[in-house]
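Subject: Structure for your records

Dear colleague,

Please find the structure below, followed by a short account of what was found in it.

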Amino acid sequence: AATLGTLPGQVLLVDFIYTRCSTVCQALGTTYQQLADALSSEIASGAVRLVSVSFDPTHDTPQALHDYRARFGSDLQHGWTIGRPQSDREKRAWLDAFGVVVIPDRYGGFTHNAAVHIVDDQRRLVAITDPDDIDAIVRATRQTIAARGVKHVAQN
């Protein structure tokens, strides 16, 4: 299983999803689609990588994760890592590390907080951003790149 330390890319934008979610998680997918456009040069150069972590590994099979990502465009295939923890212990470690609260609802889904977490090249959580504020996420990502001297292509 991939860990943050082994994922490619310098700065990571991390969100938490489950593929059966028809509300917040769909919005997060759209956010990543917009971020892929806004940060295309940084993603192409390897300075930034989008990461989605499922907290529903029972239902989120590799195929379900692939299908979720594919809904938001094939151009995201190389800049977006999507996966799931392999055990309850690993899932708990991811959720705790990012302060994500997941509560099962009575309909077989989950209530959860949503954010885009910015992790620097030293694998430190440096910002938690509102997933609806694309401009703020882009700004914070570029500031993180600049602060760490991460190599990337010139911005337009």
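A crossing of two helices is called left-handed if the near helix is turned anticlockwise from the far one by less than a right angle, and right-handed if clockwise. Helices (H or I, at least four residues) and strands (E, at least two) are DSSP runs, numbered from the N terminus.

This is a predicted model, in which local features need pLDDT of at least 70 and side-chain atom pairs count only at pLDDT 80 or more, while totals for chains, interfaces and linings use all residues. Residues are numbered from 1 along each chain as its sequence is written, and side-chain values use heavy atoms, with hydrogens and water left out.

The average pLDDT (the predictor's confidence in each residue, from 0 to 100) is 87 for the protein, and 87% of the residues score at least 70.

The crossing of helix 1 and helix 5 is right-handed. Helix 1 contributes Thr 31, Gln 34, Leu 35 and Ala 38 to the contact, and helix 5 contributes Ile 134, Ile 137, Val 138 and Arg 142.

Four salt bridges (a side-chain nitrogen of Lys or Arg within 4 Å of a carboxyl oxygen of Asp or Glu) were found in the whole structure. One of them joins the side chains of Arg 20 and Asp 56, at 2.9 Å from N to O. Arg 20 lies in the loop between strand 1 (11–17) and helix 1, and Asp 56 in the loop between strand 2 (48–54) and helix 3 (62–70), so the pair ties together parts that are 36 residues apart in sequence.

Yours sincerely

How values were computed: Contact means heavy atoms within 4.5 Å.
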